[in-house]
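Subject: Structure for you, with notes on the pockets

Hi,

Here is the structure I promised to pass on. Have a look at it first, and then read my notes below.

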Amino acid sequence: MRVTIFKDYHELSVAGAGRIADRITRFQGKRPFVLGLPTGSTPLGIYRELIRRHREEHLSFSHVVTFNMDEYLGLSAGHPQSYHSFMWENFFSHIDIPASNVHILNGETRDPEGECGAYEEAIRAAGGIDLFLGGMGEDGHIAFNEPFSSFNSRTRVAILTADTRAVNARFFDGDINQVPRAALTVGVGTVMDAREVLIAASGRNKARALRGAVEGAVSHRCPLSCLQNHPRAAIICDEAAAAELEVGTVEYFRTLETAIREQAGGDACP
Ligand code: GLP
């Protein structure tokens, strides 16, 4: 696993967007580049920077296919707090991605199991996910895979913990009762199948989860710790999120980062 610590949220957002833009631009596949995407406050800076690169630097998403991580069960696509609305408002409406390339689970489905199975099949048919961008829950969850989710889990219905619903109540007028009790989510196994995983973490409230993911044992207690077994996983975080890492851990990753950059020569996003 690679961990890069940036001074603040702005720097990590610019770097995260840079890495995604680099992968999209470099991709010479015979099929589109397949990008997994999250919602939440953390990726907003990355989305803003990608939009800027689209507008000012001609970064194109016409050859990108996306799969979002999750969606609340029971919310219509048009609901203001649905992840459909979030993604179109904050990202897709501002870039040149064809609507038919966007995949988001249907929270209003009458057949959740069928919907989840079809989603896994659609990912397979697209050639698998090249890069999965993700955020991190305060309890170490990834997508909506709460603590104790199986590392082999696939796209499915997940029951949200009271903690996650309380944290997300800020998007529902601060009222936890309005936060859905369940969601459709890709599984830990679905994320692990991606060729590359990039997780962004910002703020002191993520420090405990980050420590669990990086320094803790690989355990379903902290779903993000699964990344320790991924061949190409990276966490980008700011200093606040890294606050609970041991001094030696921070020093190790800083040294590693310098070495990677030196070896990469002119490569801006090794
Ligand atoms: C929700 C999402 C996760 C996201 C998390 C953190 O639970 N399902 O995918 O990582 O929120 O969100 P934020 O970035 O707002 O802290």
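This is a predicted model: local features need pLDDT of at least 70, side-chain atom pairs count only at pLDDT 80 or more; totals for chains, interfaces and linings use all residues.

The largest pocket is lined by 41 residues, and those nearest its centre are Met136, Gly137, His141, Val167 and Asn168. Residues are numbered from 1 along each chain as its sequence is written, and side-chain values use heavy atoms, with hydrogens and water left out.

The volume of the largest pocket is about 760 Å³, taken as the space filled by probe spheres set on the grid points, which are joined across faces, edges and corners. Its lining comprises 16 nonpolar, 16 polar and nine charged residues; here Ala, Val, Leu, Ile, Met, Phe, Trp, Tyr, Cys and Pro count as nonpolar, Asp, Glu, Lys and Arg as charged, and the others, Gly among them, as polar. Helix H3 (83–90), helix H5 (162–168) and strand E4 (70–72) each supply at least two lining residues, and H3 gives the largest share, with five. Helices (H or I, at least four residues) and strands (E, at least two) are DSSP runs, numbered from the N terminus.

Where is the ligand? The ligand sits in the largest pocket, meaning that more than half of its atoms lie within 2 Å of the grid points. Around the ligand are 13 residues, with Ser41, Thr42, Asp70, His141 and Lys206 the closest; each has a heavy atom within 4 Å of the ligand.

- Thr42, through a side-chain N or O atom, at 2.4 Å
- Lys206, through a polar side-chain atom, at 2.6 Å
- Met136, through a backbone N or O atom, at 3.2 Å

Taken alone, the ligand exposes 390 Å², of which the protein buries 94% (Shrake-Rupley method, 1.4 Å probe).

The second largest pocket holds about 200 Å³ of space. Among its lining residues are Arg208, Arg211 and Arg221.

Best wishes

Technical notes:
A polar contact is a pair of N or O atoms within 3.5 Å; within protein, one must be able to donate a hydrogen and the other to accept it, and residues adjacent in sequence count only if both atoms are side-chain atoms. On a 1 Å grid over the protein atoms alone, a cavity is a set of points where a 1.4 Å probe fits but cannot get out, and a pocket is an open set with protein on both sides within 12 Å along at least five of seven lines; lining residues have an atom within 4 Å of a point.
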